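Please find below some short notes on the model.

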Amino acid sequence: MSAALMIRRGLVVLALAGAVVLGFRLVEDLGQLQRLEGDRAELRHARYGMLDTEQWTRRLSAVLAERIADFELDERTRPRVLATLTEAIKALIGEIERQLSLNAPPRGGDWLTQLQGTLHQQLQSRLIDFDALRAQAPRYAERLLAALEGPGTEAAIRAELLGLLTAATPTEVEHSPVLKALLERHGCAEVGACAAALERETVALRPAIDQQLGVLLGLAALIFALVAWGRVQERRLDGFALGAAIAITLVLLLTALFSPMLTIEARVDRLGLEFLGESVVFTDQVLYYQSKSLFQVVEILIRAGGADLWLVALLITLFSVVFPALKLLATLVYHRAAGAPVAAPVRFFALRSGKWSMADVLVVALFMAYLGFDALVANQLDTLGATEATVLTTNGTALAPGFYLFLAFVLANLVLSSLIERGAGERRR
């Protein structure tokens with residue numbers, strides 16, 4: 001064995017060992033990141049914020065309480081209060097008139113009933129002139145307002161209104177069982193602080209994941225480069241090189257299957273409404289979040305039940321897991337046969353199963369799903385932003401590391417198939 005061959009094989013072994021270790025660490029870190037992001041999305045979900053009626057009640061009540069506490073009956077506010085009292089008195093007079101007309105005897109029936117209804121109506125119109133009462137509404141309002149301006153009256157009214165407002169406002173925040181479990185799991189007492197802590201953890205974890213992903217893909221490219229270089233130097237593809245190529249391809253496949261492939265997130269960064277001159281603001285409200293690996297999608301389909309979903313789960317597993325794994329195994333067996341006759345299934349999976357694997361189709365489907373979800377979420381968020389409220393939205397749909405790993409596996413599988421077919425052609429010659 002030449003020194004160059006020993007060095008090349010040593011580099012391949014080191015690169016393969018590093019790829020295996022990085023694959024395990026990457027899956028572990030991605031799982032942790034997935035849990036952190038999922039928990040943070042649940043903590044900041046809109047169902048506990050801008051879609052919660054109790055949250056709106058507390059915030060609007062706070063604005064009302066501030067306005068009540070600051071209210072003073074002076075020359076600036078007196079015309080508005082006087083106009084409001086006038087309209088209220090007119091509405092009260094109209095309600096009294098309506099109730100009296102409802103209590104009048106019916107005007108239909110025999111002559112005695114009709115006479116009674118007519119006399120009742122005439123007596124009511126002579127005794128009570130509702131038009132005159134409505135005309136006097138401003139004077140009544142002025143007298144009522146003068147009574148309210150007495151010593152201590154304003155303070156008593158403010159105290160009474162604040163008491164009623166406090167009684168109608170929820171005082172204690174009742175968290176759902178899901179929120180309670182999340183807060184206990186992370187040792188937090190308050191939702192906002194817990195979400196901020198999880199955000200800091202995810203931000204600190206992402207650079208390490210990106211670095212691991214880049215190094216893993218770089219090691220895979222290095223191994224294939226060394227295998228191709230060795231084939232050129234030795235003018236053949238030996239068993240060691242083929243085993244290394246199959247091993248790194250398998251590492252890419254397994255890492256991709258256990259890693260999230262697509263992240264879908266729609267979030268309202270800021271929702272602001274003006275109420276009595278004050279801004280009622282909700283920030284960082286998650287509308288939808290999902291991030292799943294291929295195996296997690298299969299698990300969800302199986303748990304959902306139903307023959308159609310089970311069929312989809314079976315097809316995904318068959319064409320994206322079983323076929324690629326059998327192809328790698330058959331490739332090794334076919335190469336070790338060294339031109340000797342092999343079983344038809346081995347030949348099929350080694351040389352012809354590429355058109356049946358559909359792994360490349362899955363990559364394209366994931367990419368198209370990404371484009372579709374990205375456009376759909378962006379469109380819906382734009383629709384949400386076209387309201388009278390101040391709405392700032394974020395479309396967080398993105399391709400996750402699992403997609404790039406699966407893409408790398410597909411490319412590695414194509415290169416491996418090319419090497420095997422070229423080696424088979426050389427043996428036939």
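Which residues does S293 touch, not counting residues up to four places away in sequence?

1. The model is a predicted one. In it, S293 touches Q34, L257, F258, S259, P260 and M261, with residues up to four places away in sequence not counted. S293 belongs to strand β2, which covers residues 278–293. Its relative accessible area is 4%, under the 20% cut-off, so S293 is buried.

2. Helix α1 (residues 3–43) packs with helix α10 (residues 239–257): their axes come within 10 Å and cross at roughly 10°. An angle under 35 degrees counts as roughly parallel, so α1 is roughly parallel to α10.

3. On the α1 side of this contact are R9, V12, V13, L16, A19, V20, G23, L26 and V27; on the α10 side are F240, A244, A247, I248, V251 and T255. Sorted by class, the contact comprises 12 nonpolar, 2 polar and 1 charged residues.

4. The largest nonpolar core contains 52 residues, and L43, I223, I248, L252 and F406 have the most contacts inside it. Two or more residues each come from α1, α8 (177–185), α9 (191–234), α10, α12 (307–337) and α16 (401–428). The most are given by α9, with 14 residues.

5. L43 contacts Y48, L179, L182, L183, V191, C194, A195 and L198, leaving aside neighbours within four places in sequence.

6. There is also a second, separate core, made up of 8 residues; V81, L85, I89 and F130 are among them.

Notes. Residues numbered from 1 in each chain as written. Predicted model: local features only at pLDDT ≥ 70, side-chain atom pairs only at ≥ 80, totals over all residues. Heavy atoms only, no water. Axes fitted to C-alpha atoms, helices over the stretch in contact; angles between N-to-C directions. Helix = DSSP H or I, 4+ residues; strand = E, 2+ residues; numbered from the N terminus. Parallel < 35°, antiparallel > 145°, perpendicular 65-115°, else oblique. Contact = heavy atoms within 4.5 Å. Nonpolar A, V, L, I, M, F, W, Y, C, P; charged D, E, K, R; others polar. Core = buried A, V, L, I, M, F, W, Y, C linked by side-chain atoms within 4.5 Å. Buried < 20%, exposed > 50% of the residue type's maximum accessible area, 1.4 Å probe, protein only.
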